[in-house]
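Please look through the sequence and the model shown here before reading on.

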Amino acid sequence: MTKEWRPRIVAFFCNWCTYTAADLAGVSRMKYASNVRVIRLMCSGRVDPQFVLDALTRGADGVLIGGCHPGDCHYAEGNYKMLRRFQLLKRLLRDMGIEEERVRLEWISAAEGDKVKAVINEMTDQLLKVGPLGLPQRFEEWDKEVTRLEEEIRGGDAAGAGCACAAKLQKPAAASKSEVAHV
Amino acid sequence: MEMTRTIKYEADRVKGFGEEVMSVPGCEKLKDCIQCGTCSGVCPLSIYMDFTPRQVIEMTRFDFKNEVLGSKTIWLCASCYACSVECPQQIGITDIMYELKQRAIKEKVYPRGLPTPVLAQEFTKMVHDYGRVNEILLATKMYMKTNPLAAMGMSTLGLGMIKTGRFSMIQEKIQGRADLARMLETVDEGK
Amino acid sequence: MKYSYYPGCSLKGQGRAYEESLLPVMRHLGIELEELPDWNCCGATAYMAVDEGKACVAASRNLAIAEKAGLQQVLAPCSACYLVLNKTQHLIHDYPQIKSAVDRAMTSVNLKYSTDIPVRHPLDVLISDVGVDAIKQKVTHPLKGLKVAPYYGCQIVRPYATFDDQFNPTSMDRILEALGATMVQFPLKTKCCGGSLTGTLPEAGLRLSYIILKEAIKRGADVIATVCPLCLFNLDSFHGKIAAKWESARIPTVYFTQLMGLAFGMTAKQMGLQRGLVPMKPLASAPACCAARTAAAAT
Amino acid sequence: MQSTKENIRIGFYVCHCGHNIAAMVDCADVAKYVKGLPNVVLSRDYKYMCSDPGQELIQKDIREYKLNRVVVASCSPLLHEHTFRSATAAGGLNPYYFHMVNIREHDSWVHTDRGEATVKAKALAHAAIDRVAFHKALETKTVKINPDALVVGGGIAGIHAAMTLANAGKKVYLVEREPSIGGHMAKFDKTFPTLDCAACILTPKMSEVGAHPNITLWSYSEVAQVDGYVGNYKVRVKRKPRYISEERCIGCMDCISACVFKEPKFEDEFNEGLGKRKPVYIPFPQATPQIVVIDPNVCLNFKRTKGPDGTPIVSDRCKKTCVEACGDKNAIDFTQKEEIKEIEVGTIIVATGFKTFDSKRVPAYGYGIYKNVYTALEIERLVNASGPTGGEVILREGKNPDGSPKHPKSIGIIHCVGSRDKKTNVWCSRVCCMYSMKLAHLLKEHTGAEVYNFYIDIRAPGKGYEEFYNKLLDEGVHFIRGRVGEVTDWAMTPEEEGKLVIRVEDTLAGYVRRIPVDMVVLSSGLEPQADAQDVRRLFNMSCGTEGFFLERHPKLAPVNTFTDGIFIAGACQGPRDIPDTVAQAGAAAAEALVLIDKGFVEQEPNTAFILDEECSGCKSCIPLCPYSAILYDETRKKAHINEALCKGCGTCVAACPSGSIVQNLFEDEQIFSEIQGVLAYD
């Protein structure tokens, strides 16, 4: 492939503020980087940390979460709930060695089409600097490594004991759910 | 009776001039002008200008380079920044005037007999050579170059300066003259 | 409190009375000023008209020297210096092409420009760091009955004033009121004095000085107080020409620091008041050596 | 994974939207790509999917190809989701088997590279195809609409909206902050361009409101709290004490004449401070309701210091001549306290109006420095026959040599004060050109003065507006195109002595001019109310960047907000004149009537429910719900969601540690498949 690498961003936008702001950016014909894919949720409070981890595991280089400004949530305080969850999620990502720039939470009101544009462009620039995350490839490599290890063990010793850890590496998202979701 | 053609044809424009000016730091917002005339309304010197500041903006935007650079207007700007802070479109009009002055000097197209560009250049030379400026010497030089007669008219003032102990014929010089000159040269090298 | 002091060419030349009054007044208020070693001219309004890049380079040499001197802030009493040094920082900050030009120049002589060191005007320091109350406490000879037209001129408030209102500055008003003086209502406080045009195009330049002078008189001022050596020069030096062209509008113009010194009990001579072409009348409250009459009362 | 028994058959449609999408997205290529995805039975691109033929195409395909899922890639679901769900339903499918992909607002309109935009459209379509397989048949819920309505703000917008609803037989609460309704319009002298007397056309409407059996008018009141949802709002209204019993006061005003203050002494708000009033007063002669107010800040019977909670304390030190004058009516009550009223309404119209720009913010024009600089609203009162001078235009400063009041001989009207200025308000306030011309006409008529208008551009787009401009030109009113630099009081020539001097460039002539005048009028612009942000939060609305309330769609839903059942009308949404305001108020009332007369509203079935067998009873979801919709069943040790209370935010779903809460339309599988889909491209 000769095409230059562009980061993939999955965005979770709340229906009332940020999704509407993105619509406004469209109506106003603002131009921004095309590598963002928006998934509409009713509220940023619906964003399960699993969604973020799942997106990263499936090949996203960054995840953007957009909600209403504090105090402006259509559902009173879903955005605060997201904020609390986000703090924990960030800690988890740090522990996993995933750069901070990759996951971003932004308050964008329905009137701030220009902010949608600015945030997406800024995040794209930052991710271009940070480079690809490539989790699927990394998992593949780990899988290979583990398989090789297993074979080695099976070849050298009789019974293999490495499968549990392989399973865990393959599905970090599922494993982490109970750690982060309960906030 | 001789008639002057005032219509402007496309050929009268120096295409790209406006864009060039707009690319200079501080001059970007030139294109936002709505021609309201606030700049002229607040400019204390607009009453002596051949074109009002607003007209200079419009002429620059539409590439009437020769007319703009040859105007007296840009040399009447005293850099008081009233236009810049009052402009409803926040256009850096003072900076645009500076840019136009620079171009007029570079291309030596400023109106003859105007002392302002002469003063600017003498000033710059003095800074380059000595690092500091002696206002009295500077004024003398400027008058000598532009209007020696006027210099005579200033003798009362000179006398006053001497009497009040503010007159000095000694040119102050900085130690790091060579350094400063070197620094200024790098700007030309970088161009 | 200690600041780097950038006097600028005027304060060493025709505007020396500004320095003569500023230094003792600041010392009296506990402010130490350390003159920048081997500073050069800021470039004023003239350099920007010739070459913006060079103007920034020349001005930034002073900022680099200040950085090297290690003090946290620079005091620039001349309005043009204050504006140019601040403007240079803004340009370096906002435009990469200016920054790289400055960096290149710095490297060529082993200097470094790394931080935007705050460049402040004495009015700012007096109002924000010293405070009106501290000034009031030092007043021994209140300027009772003195009516002052506070004249700020253009370049300290426009376009970068951060310490005062751009359209209606009051910092000097507050300081002078603390000295006991009365301010006349003076809507021309930020109008242009004509700048260097008084010399280059006197018809245009002097008209602006004339308007300021005549309005100060009309509004009942005894004296105009200013913060800029060029403003003072323009308002003080051309009375003959102004009278010939329009009408006589003789009124003394002084640096606000000169008034501060008088109120602190310093003498008119110490404050360099004799350097004005239109002398300021001695004050009833002036210290001993100025008015013998009050000297007796004071002792 | 999805039920294996069901054979998923998806129909996919990509809309060209004319050139809107097709110019930036290769629609045929997208259709081709989707054709190859699992479960896709047919894939088409079509010029206008929202058109009737487009919708019929969906219906026909459902029947012919036995489709059981439909995906349309077109514009924003906020615009056309409803359209396509209806089409899906008309084709015989449950409407929730439909899913929409936004490739216009989120794709073709915001990108510049056709290749990239097409790739993005494919990815978004892929996500929808993956997602829709997990869709389930859902039932649309309906909620009843309480037929009573609330109108907030008693200016011309609120008055008109309330009257429209009341005349349709609905019960309306009209809440106004000031002691009288009427708003800004009540202060105007005449209205442009017809020069109708504002009071003559407004006051009949005001008294109708006051007398209407269907309208409960609460003036001097503010909305304090709003709870609930469309059709069922619970509102708390704060009624400020006016120290007069509204029931007993008959508006005779005997108390006012009897007040111990023989002369009016206090700044009269209605007359913009140009006149005076007493501590007991009625804002203006036609005030509605005709009930006096006592101002505790200046009434002698109150202490100067307030109580710890900010309430005024009765001092009882006044002779209370007012109480004596009121006699048997016994309407004065110094002990009156603030009162909270609770009401239930189904719909709310917010018509809280605007505030005028504070002209002191443009110091160059001298307002507050030079006495003869006026705001336009001050001039409205000055030229009004019932204004503080009885309609005589007298200068604030300066007298004739014989000591008589001075009338202006020359007047300068400065347009765009605070408007079209990036330092203050960037927008055009829309009404100033016209009202400036109206004031120019009135001032000229009253004084015969030379009147100058200083304008940037004359904006007269309205019925009869340009004609009005022409009329003024004929009348000899001067128009100078130039934004005024400054207003000063220093003279350079003898004719400038004692005058205000306007310095301006006549941009058409190219001259800088100094024009001496006696009076300067500042045409200040319109701004959002100072508390617009608080009001916005109260009603769960949004504000645009400039601070005016945000409409749901600038073209197609101009009086709707993002909260169902809450509508906006008048200048709270943006600067507008009286005709536009009235039209909008009528529209807002009509939108409310649609809901009321339908009697119910369909709700998105996006509520959450608990999978009983999975719930561990940990209770972590319970405090998260802002609507207290989750209850805990102590006997079964399980949580339970009250569907009627759930608003469908999904916060509990995301937080449930055992994954036992499901949100309809936003199920975990649906979102995971969407994530997978958007990332499935090269």
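This is a predicted model: local features need pLDDT of at least 70, side-chain atom pairs count only at pLDDT 80 or more; totals for chains, interfaces and linings use all residues.

Most residues other than glycine have a negative phi, and most peptide bonds are trans. Leu195(D) is not a glycine, yet it has a positive phi of about 60°. Where does Leu195(D) lie? It is in the loop between β8 (190–191) and β9 (196–197) of chain D. Leu195(D) counts as partly exposed because it has 15 C-beta neighbours inside 10 Å. Further along chain D, Thr288(D) and Pro289(D) are joined by a cis peptide bond, with omega about 0°. Pro289(D) is in the loop between β15 (280–281) and β16 (293–294) of chain D.

Pro159(C) has its place in the loop between β5 (147–151) and α9 (171–178) of chain C. In chain B, Asp63(B) has a positive phi of about 70° although it is not a glycine. The loop that holds Asp63(B) runs between α3 (53–61) and α4 (65–69) of chain B. Is Asp63(B) buried or exposed? A residue is buried if 20 or more other C-beta atoms lie within 10 Å of its own. Asp63(B) has 20 other C-beta atoms within 10 Å, so it is buried.

The next step is to see how the chains meet. Chain B touches chain D, with 17 residues of chain B in contact with 17 residues of chain D. On the side of chain B, the elements that give two or more residues are α2 (38–42) and α3 of chain B. The largest share, four residues, comes from α2(B). By class, this side of chain B has five nonpolar, ten polar and two charged residues.

Which chains have the most contacts among the four pairs that touch? They are chains B and C. Here 51 residues of chain C are in contact with 51 residues of chain B. Six elements of chain C give two or more residues to the side that touches chain B: α1 (8–12), α3 (44–48), α4 (52–69), α6 (96–108), α10 (197–200) and α11 (202–218). Of these, α4(C) gives the largest share, six residues. The residues on this side of chain C divide into 23 nonpolar, 17 polar and eleven charged.

Finally, consider chain A. No contact joins chain A and chain B, and their closest C-alpha atoms lie 18 Å apart. Chain A and chain C are likewise joined by no contact, with their closest C-alpha atoms 18 Å apart.

Notes
Residues are numbered from 1 along each chain as its sequence is written. Chains are lettered from A and ligands numbered from 1 in the order in which they are written. Two residues are in contact if their C-beta atoms, placed from the backbone, lie within 7 Å. Ala, Val, Leu, Ile, Met, Phe, Trp, Tyr, Cys and Pro count as nonpolar, Asp, Glu, Lys and Arg as charged, and the others, Gly among them, as polar. A residue is buried if 20 or more other C-beta atoms lie within 10 Å of its own, exposed if 12 or fewer, and partly exposed in between; C-beta atoms are placed from the backbone.
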